[in-house]
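Thanks for coming. I will walk through one model today, starting with a single residue and then widening out. Please have the sequence and the structure open.

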Amino acid sequence: MARLKKTKSDNEQKISVPESDNWDDLLRSLQVVPKKLLGEILVQQGAVTREQLAEVLHRLPQQELRIGEYLISKNIASEANVQKALAEQVGMTFLEKLNANVDRKLVERLPLRFVKNYLIVPYHGDGDVLQVAIHDPFSLQPLDDLRMMFSDYRIETVVTVRREIEKIVTQFFEQSQAGAESMIEGLEGTDISLLSNIVEVTRDLMEQDSESPIIQLVDAIISRAVSERASDIHIEPFERELVVRYRIDGILHEVLKPPKKIQSAITSRVKIMAKLNIAETRLPQDGRIQLKLGEKELDMRISVLPCYFGERVVMRLLNKTDMSFSLEGLGFEASVLELFREQMKRTTGVILVTGPTGSGKSTTLYGALNEINAPDKNIMTIEDPVEYQIPGINQMHVRTQIDLSFARGLRAILRQDPDVIMVGEIRDAETARIAVQAALTGHLVFSTLHTNDAVSSILRLVDMGVEPYLVNSSVIAFMAQRLVRVICRHCRTAYTPADIELEKIGLKRQDLDNGKLFHGAGCPHCKQTGYSGRMMINELLVMNDDMRLLLSHGATTAEMQQAAQRGGMRPMRQDAAIKVVSGYTTVDEVLRVSV
């Protein structure tokens, strides 16, 4: 290769360029590329082997990825390993955890889109030193832009993983959106035009291009609901006011009263996000919104119902990021959980989970399916709708508009060679009979019923038209459950209960630890409610010969209840009493939800 030479006149600045036949040496001398290659650093750190690196370098020219991205995408190296190597490559510090409180004033000086697009954020200031976290240390232009915006600081840059920056962005976003009340005050004197600024769905709430106060208000309502762990948002129109309520731990709480005059604009915004017909105000509509809130993925089911004073909107929030399907975390007593797992290991039969709407039946079924999920099992479900997707399980949702009902879907599933079937709900005799027949032909079937207790479920199946001998032959267990609120751990306080309070749930004073029970005094962590989170109370009835004999002879509910308890079933009220004595919940809460 010809040697490079640079000649300039006396008036021109002279550039010293070494003469070399090696482009790598030339580029390194100009500091265009690092002195150490990323692959070499990863090998030295033990993150990859030389054989793995050689294979990657062979395949990399066919990919449109950098070596670090490719290693992460193929699970050859973790993101932390790659980021640590990048930091060493450019001479920066690597921090896997950013253990510092975010200074909101610093983040507010940057456009949020800039932070999200370039994954660069100032996270801590100390005097004239500003600590900045960056994901890609080779993103020089954004870093230069940030230095210009913070020219009053000396910048110290650290390299970190993506999730740490997204946590900061999420924290800032939730803080910046929490002031919905002040936003409403600003709307009081505003002339709101229905469609003036409502243009299209902002799929990621972090990317707020529109300055429409309606869009900002709806986004604030959603983000605040997520931060307060709400399961539902209710937007309710009345004659002279509009009320926003959140359902938190099963209880509705009023949070906002937006001006009545922006009612239609709020409803239209939600409809557009859910791809519903904004011109149709006379008929109910159902839709779905999938969006992101920082690092959290949300799936929202939308129901719009025309009422006398306008359209009522209910938004069911499904936080897919924070959801965990673990039976241990639901509130099972150890002995009950062991017995339930024994039934789950069966290869045939029907297991029914019963309770009213909102009692956690679907969560229990998801936990059971997730636990028995294995490569050697074909697990299929039909649900209305599919709330959460579980890897490795084939899930189908009911479509009544095309006549895809539970019964029709269940018949189709039986032709797919399943081992385990989950039917979201048994609503009619046809579905019940097909589920029973599926169990009799060698399948394990999970489903739900709307009954108050386990014993009532037996007679409910008979009332639906399933013959008693088929129930005896197919159903192996009934589990009834409710959800009770858990006492807030930050304000949990002991007290001495009255005798009448103990009698209500069948407790005696000698059952208590030091004669004390617990309740929540109320604090900022629980919004002064005394409760934070929920857990299950339940009763598990495993069918035995005595129960089958009673069913065959047409026994009453009371007779079957007594037989179930003789067979070892602990009634739900007793399970609740154990959790009250253990300090998990209160007597009032048990009485509120249990029969």
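Is Arg509 buried, partly exposed or exposed? Arg509 is partly exposed, with a relative accessible area of 30%. On that scale, buried means under 20% relative accessible area, exposed means over 50%, and partly exposed is in between, using a 1.4 Å probe and protein chains only.

Some ground rules. This is a predicted model, where local features need pLDDT of at least 70 and side-chain atom pairs count only at pLDDT 80 or more, while totals for chains, interfaces and linings use all residues. Residues are numbered from 1 along each chain as its sequence is written, and side-chain values use heavy atoms, with hydrogens and water left out.

Back to Arg509. Its salt-bridge partner is Asp499, and the closest N and O atoms of the two are 2.5 Å apart. Asp499 lies in helix H19 (residues 499-503) and Arg509 in the loop between H19 and strand S18 (517-520), so the pair ties together parts that are 10 residues apart in sequence. Asp499 is partly exposed too, at 47% relative accessibility. A salt bridge here is a side-chain nitrogen of Lys or Arg within 4 Å of a carboxyl oxygen of Asp or Glu. As background, side chains of opposite charge can pair when their charged atoms come close. Helices (H or I, at least four residues) and strands (E, at least two) are DSSP runs, numbered from the N terminus.

By that salt-bridge rule, the count comes to 29. I will take two others. Glu333 forms a salt bridge with Lys579, with 3.6 Å between the closest N and O atoms. This pair links distant parts of the chain, 246 residues apart: Glu333 is in the loop between strand S10 (310-319) and helix H13 (334-344), and Lys579 is in helix H22 (residues 572-581). Glu333 is partly exposed at 23%, whereas Lys579 is buried at 1% relative accessibility. Both belong to a network of salt bridges that also takes in Arg570 and Asp575.

The other pair is Arg427 and Glu425, whose closest N and O atoms are 3.2 Å apart. Arg427 is partly exposed at 41% relative accessibility, while Glu425 counts as buried at 18%.

Next, a histidine. Where is His234? His234 sits in strand S5 (residues 230-237). With a relative accessible area of 9%, His234 is buried. Its side chain makes a polar contact of 3.0 Å with the side chain of Arg312. A polar contact is a pair of N or O atoms within 3.5 Å; within protein, one must be able to donate a hydrogen and the other to accept it, and residues adjacent in sequence count only if both atoms are side-chain atoms. Leaving aside neighbours within four places in sequence, residues in contact with His234 include Val243, Arg245, Leu252 and Val314. Contact means heavy atoms within 4.5 Å.

Now some helices. In helix H2 (residues 38-45), the buried residues are Leu38, Gly39, Ile41, Leu42 and Val43. They pack against helix H3 (50-59), helix H4 (67-73) and helix H5 (79-90). After H2 comes Gly46, with a positive phi near 80°.

Helix H8 (residues 140-149) has Pro142, Leu143 and Leu146 buried. These cover an arc of only 100° around the axis, which puts them on the same side of H8. The arc is that of the directions from the helix axis to the C-beta atoms. Leu140, Gln141 and Met148 are exposed on the other side of H8.

The axes of helix H20 (residues 545-552) and helix H21 (residues 557-566) come within 9 Å and cross at roughly 170°. That makes H20 roughly antiparallel to H21. Axes are lines fitted to C-alpha atoms, for helices over the stretch in contact, and angles run from 0 to 180 degrees between N-to-C directions; over 145 counts as roughly antiparallel. Met547, Leu550 and Leu551 in H20 meet Glu559, Met560, Ala563 and Ala564 in H21. Glu559 is partly exposed, with a relative accessible area of 40%. Its C-alpha atom is separated by 9.6 Å from that of Met547, 12 residues away along the chain.

Finally, the totals. The protein has 23 helices and 19 strands. Of its 595 residues, 48% count as buried. Among contacts between residues at least 6 apart in sequence, 64% join residues at least 24 apart.

Notes:
Angles under 35 degrees count as roughly parallel, over 145 as roughly antiparallel, 65 to 115 as roughly perpendicular and the rest as oblique.
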